[in-house]
Amino acid sequence: MSFHLKRAMHKSLIFLHKWLGVSLALLFLMWFLSGLVLYYVPFPGLSQAERLAGQAPLQLPSGCCLTAQQATDKAGLTASEARLGMFGALPVWRVLAKDGQGGAPLWRAIDARNGQLLAPLPAEAAAAVAEAFSGRRAVHSELLERDQWTVPQGLNPYRPLLRVALDGPDGLELYVSPAAAEVVRDTRRAERFWNWLGAVPHWLYFTELRQYPKTWRNVVVWLSIPGVVLAVTGLVLGTWHLFLNRARWIPYRQFWMRWHHISGLVAAIFTLTWMFSGLLSMNPFGVFSPRAAPAVERMAWTGPKAAVTLNPAQALAAAPGVQAREMDVVQVAGQAWYRLRGVAEQTLVRADGVGASVPQAALPEETVQAALRALRPGAVTITRLTAYDDMYYARELNANTPYARPLPVWRAQWADGVSVYADPASSRLLLRADASNRWQRVLYNGLHSFDFAPLMARPWLQGSLIVLLSLLGTALCVTSCVIAWRVLVPRKRKRMHGRAARPA
């Protein structure tokens, strides 16, 4: 490479890095500091364990109630999901159904005794749901479409929501869906405070932006791409400048430039990997496949629809040892089952009248294997896993882990690299992975959260590395902010401004 070409390339890199740094310095600093907070305080969400713990035990008198299909037929709805639970002393089917006007599916409550569709709860009744859930007294309530803690699209089928503030020193607030007559989210004062410093700025999760998912996604992607370029140019220049002057490794004499170079050499690699993996978290341009099974595979898993003939009260009576809080219907391989869910346990009861209604902890092996073989053509290897593997794992073990990442599970593997994981206890397809997802596992989950098996086996080491590297990245960003300030406000202008401000 000629001298003049090297010089032109060097100047171009300096220009690009300088002005990207001036533009993004504060954003990088915010990302490092908020990411550190987010690592310890996640975004508010009501886990399955918390949701079930707050519900009243199922109480179904003999002969009660209608099946989900019967209840939705009487209510004039077509439901894709149904859950039987309690609304005070009243058993209700909570169903995800369209409104008949071609709109998006919404959760509604149906009286399980007679199939009458319940009207959305007034504010007083919805606040009473929050009081029963928490065991506390409601002190204030407000009906809203969304706020800062309810912006995710997953809550859209429950809207509008009633936010209920409850007494107590922790500032607990519950969000109740009046249409579904149930609590769908909880937040506490400390959680809200730390999220303003963590998840909200880190994910750019501001209500005004996040309520438009496509716009929010594009903003994150198109801020992350120049961030990756900034990190790449910094790494190239930092290494290049080590060899500019053979007499001294660090060519800069000015304090901030010198420490920007030093901190950049230390922090450049993981700054780049965090920026790049953060970009990949948005799956830009669809580079990764979805981790959920496509519709055709979900239909193959459920098989032909089976009619539910067993009365819900009979299913509950068949499992007297289970303190059930909720019951739903699952379909697998042309079979219908009731799933009875308690706070720390669940059981299955055959619901289609085939065989005895004997409670089972999990689906029979032959049923699961037949359903997995039906998912895709070709030879398949089916394995029962009692421990996590590289693709199916839990980041942390807590009360909700059995709901989010249960064990044991069945894994089906095909020759083209596709793997599917199924939970025999809940009859769910948990995860689908192909070659692109394996790259996603390393380039996003691995690089961004350090979700590598040796580190996850040593949480103290994983956490220590994230804290240390975050602090080093923060130091680099502080030097960037100072340099950016000096570029935008040169010293001469600041001195002139200071003289003009002096009294005569």
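Let me start with a term: strands here are DSSP runs of E, at least two residues long, and they are numbered from the N terminus. With that in hand, take Q331, which sits in strand β8. Keep in mind that this is a predicted model.

So, is Q331 buried or exposed? Buried means under 20% relative accessible area. Q331 has 15%, so Q331 counts as buried. What does Q331 touch, once residues up to four places away in sequence are set aside? The list is W301, T302, P304, K305, A306 and A336. Take P304 from that list. P304 and Q331 are 27 residues apart along the chain, and their C-alpha atoms are separated by 8.7 Å.

Now let me step back to the whole chain. The protein chain has 504 residues, and 47% of them count as buried. There are 17 helices and 14 strands. The C-alpha atoms fill a box of roughly 90 × 65 × 45 Å along the principal axes. The accessible surface comes to about 25,600 Å². Carbon and sulfur atoms account for 62% of that surface. Next, contacts. Take those between residues at least 6 apart in sequence: 62% of them join residues at least 24 apart.

Back to strand β8, this time for charges. The structure holds 21 salt bridges. One of them pairs R83 with E326, with the closest N and O atoms 2.9 Å apart. R83 lies in strand β1 and E326 in strand β8, residues 326–332, so this pair ties together parts that are 243 residues apart in sequence. Both ends are covered. R83 counts as buried at 9% relative accessibility. E326 counts as buried at 0%.

E326 has another partner. The side chains of E326 and R341 also meet in a salt bridge, at 3.9 Å from N to O. R341 lies in strand β9, residues 335–341, so this bridge links parts that are 15 residues apart in sequence. R341 is buried as well, with a relative accessible area of 8%. Which residues do shared partners join into one network? They are R51, R83, E182, E326 and R341.

Here is another bridge. R188 and D186 meet through their side chains at 3.2 Å, N to O. At 33% relative accessibility, R188 counts as partly exposed. D186, at 7%, counts as buried.

On to the cores. As a general point, nonpolar side chains in soluble globular proteins tend to be buried together. In this model, the largest nonpolar core has 47 residues. Which of its members touch the most others? F28 and Y158 do. The elements giving two or more residues to this core are α1 (3–40), α6 (199–202), α8 (213–240), α9 (255–280) and α16 (459–488). Helix α1 gives the most, with 10 residues. For F28, leave aside neighbours within four places in sequence. F28 is then in contact with G227, L230, T271, M275 and C477. A second, separate core has 31 residues, including A75, A82, A97 and A313.

A75 brings us to helix α3, residues 68–75. Its buried residues are A68, A71, T72 and A75. Where do they sit around the axis? They cover an arc of only 95 degrees, so they are on the same side of α3. They pack against β1 (79–87), β2 (90–97) and β3 (106–111). Now turn to the face away from that buried side: there we find the exposed residues D73 and K74. Just after α3 comes G76, with a positive phi of about 75 degrees.

Last stop, the surface. F193, W194, W196, L197 and F206 make a nonpolar patch of about 520 Å². One of them, F193, lies in helix α5, residues 189–197. How exposed is F193? Partly: its relative accessible area is 48%.

Look for E326, which meets R83 and R341 in salt bridges. Look for F28, in contact with residues including L230 and M275. And look for the buried side of α3, packed against β1, β2 and β3.

How values were computed: Residues are numbered from 1 along each chain as its sequence is written. This is a predicted model: local features need pLDDT of at least 70, side-chain atom pairs count only at pLDDT 80 or more; totals for chains, interfaces and linings use all residues. Side-chain values use heavy atoms; hydrogens and water are left out. Patches are made of residues with over 30% relative accessible area and no salt bridge: like charges are joined within 9 Å, nonpolar side chains (Val, Leu, Ile, Met, Phe, Trp, Tyr) within 5 Å. Accessible areas come from the Shrake-Rupley method with a 1.4 Å probe; for residues, only the protein chains shown count as cover. A salt bridge is a side-chain nitrogen of Lys or Arg within 4 Å of a carboxyl oxygen of Asp or Glu. Helices (H or I, at least four residues) and strands (E, at least two) are DSSP runs, numbered from the N terminus. Buried means under 20% relative accessible area, exposed over 50%, partly exposed in between (1.4 Å probe, protein chains only). The arc is that of the directions from the helix axis to the C-beta atoms. Contact means heavy atoms within 4.5 Å. A nonpolar core is a set of buried Ala, Val, Leu, Ile, Met, Phe, Trp, Tyr and Cys residues joined through side-chain atoms within 4.5 Å.
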